[in-house]
Amino acid sequence: MLEALQAQNDHLRRRLESLLRQARSNEEKLRRFERLEHALIGAGSLPDLLRVILLDYRETFELDAVGLCLLDAGGDLQRCLDEAGVDRAAAFPGLQLLGTASEQPLLLQLGLRPVLGQFQAWRHACLFGPDRGAGLASCAVLPLVRQGQLIGSLQFASRDSGRYEADAGTEFLERLAAIVAICLDNVLNQERLRQAGITDALTGLHNRRYFEQRCPIEVGEAQRHGHGLACLFLDVDHFKRINDTHGHPVGDEVLRQVGQRIRQQLRAGDTMARYGGEEFVVLLPRCPDEHALETAERIRRALCETCVELPDGTQLPVTLSAGLSLLSHLLTSSQLPLLAGSLVAAADAALYAAKAQGRNRIVMGGQGAGPGA
Ligand SMILES: Nc1nc2c(ncn2[C@@H]2O[C@H](COP(=O)(O)OP(=O)(O)OP(=O)(O)O)[C@@H](O)[C@H]2O)c(=O)[nH]1
């Protein structure tokens, strides 16, 4: 009798200890989850957010693979990563940006709930990018839904076949998916707002505000690495006549086309903006001085050698004048904004000279007195 009671007692103690261990482990898991939740909510940019989702989550919860598929029909996400200088494949191999959900047929079959179960390579491997090493045994696919619309899927895989069992509860994963979807939406909205603030509505090019932020950065880079930096100020000749003769909407169309033609002559890393009215400004970083004039000439010729075609088929000859300034021609200064201002002022003065000398030409700014003078 005593022995039976003792055995029962031992059994109950072991059971209690096991429940306590389980409770402590759950508490610890919850704490880790809360920390990640804070990191998700606190991520101030898309790359930061992706780092938390794809890298921190994997490490914290000791997962063997994490994949994220996001619908990016408008290319906003890719643009955002490009602007942040992020090489997607290298930084986030588990991330896939899709034009439509049909590029990942599994997404089309997803409902609103996470799907857990056995990892089937033929079915799930494509969701994990190159991370899908052999030996994955179970996985969870979480639909990411925002305002009733599927925006992508987040997936986790483990070598442990018991990690994601088909009949396991999904409350925790559902909550995570909801937070991830909200955070993605938030950073994208912030990014769209930021873009709108630095984009010229007429031409879709960057605007003067962007240029003014960018210019001191490029000047700093050029100084640090001893590279050349050229600034080009371009202005459409007799633009007022175009407006007066053909009307303002035609003037707008000419500005759009001129903007595109200039952009086509530039490299991806060059900065270009509509400065205002019919003026455009360009920065040519890492550009040897002798190439800057060639680039300016190429732009000028691209305009004057081919007419702008108006929507009604009219061929309109358009020319532009430009002023060119070179950082190497300015006296250096430790104050980047002043130096950037001098670079722009020198290009502007040279543009003025180009207009005075008859238009449709490039004038190189003279040796300028920099702010250090
Ligand atoms: N259609 C259109 N016109 C604009 C816009 N912004 C400025 N303008 C016009 O651009 C014209 C610029 O004229 P001016 O500064 O006299 O220069 P210009 O006629 O090009 O003469 P030069 O620069 O000396 O060759 C003005 O008539 C402005 O109203 C715009 O967004 N759209």
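Strand 1 and strand 2 (residues 95-98) pair in the parallel sense through four bridges, where strands are DSSP runs of E of at least two residues and helices are runs of H or I of at least four, numbered from the N terminus, and two strands pair if DSSP finds at least two bridges between them. Within this pairing, Leu71 has Leu98 of strand 2 as its bridge partner. The model is predicted: local features need pLDDT of at least 70, side-chain atom pairs count only at pLDDT 80 or more, and totals for chains, interfaces and linings use all residues. Residues are numbered from 1 along each chain as its sequence is written, and side-chain values use heavy atoms, with hydrogens and water left out.

Strand 1 also runs antiparallel to strand 5 (residues 149-158), to which six bridges join it. Here Leu70 stands opposite Gly152 of strand 5. Six of the seven residues of strand 1 (residues 65-71) are buried, so strand 1 is largely enclosed by the rest of the structure; buried means under 20% relative accessible area, exposed over 50%, and partly exposed in between (1.4 Å probe, protein chains only).

Helix 2 (residues 46-60) has 15 residues, which at 1.5 Å a residue should span 21 Å, and the 20 Å between its end C-alpha atoms agrees with this; the expected span is 1.5 Å times one less than the number of residues. Just after helix 2, Glu62 takes a positive phi of about 45 degrees.

The structure holds seven aromatic pairs, counted when ring centres of Phe, Tyr and Trp (its six-membered ring) lie within 6.5 Å; planes under 30 degrees apart are stacked, over 60 edge-to-face, and the rest tilted. Tyr57 and Phe61 form a tilted pair, 4.8 Å centre to centre with 35 degrees between the planes, and both residues are buried. Phe61 and Phe172 are edge-to-face, because their planes stand at 70 degrees with the ring centres 6.3 Å apart. This pair links distant parts of the chain, 111 residues apart: Phe61 lies in the loop between helix 2 and strand 1, and Phe172 in helix 7. Phe172 counts as partly exposed because its relative accessibility is 31%. Ring pairs link Phe33, Tyr57, Phe61, Phe156 and Phe172 into a cluster.
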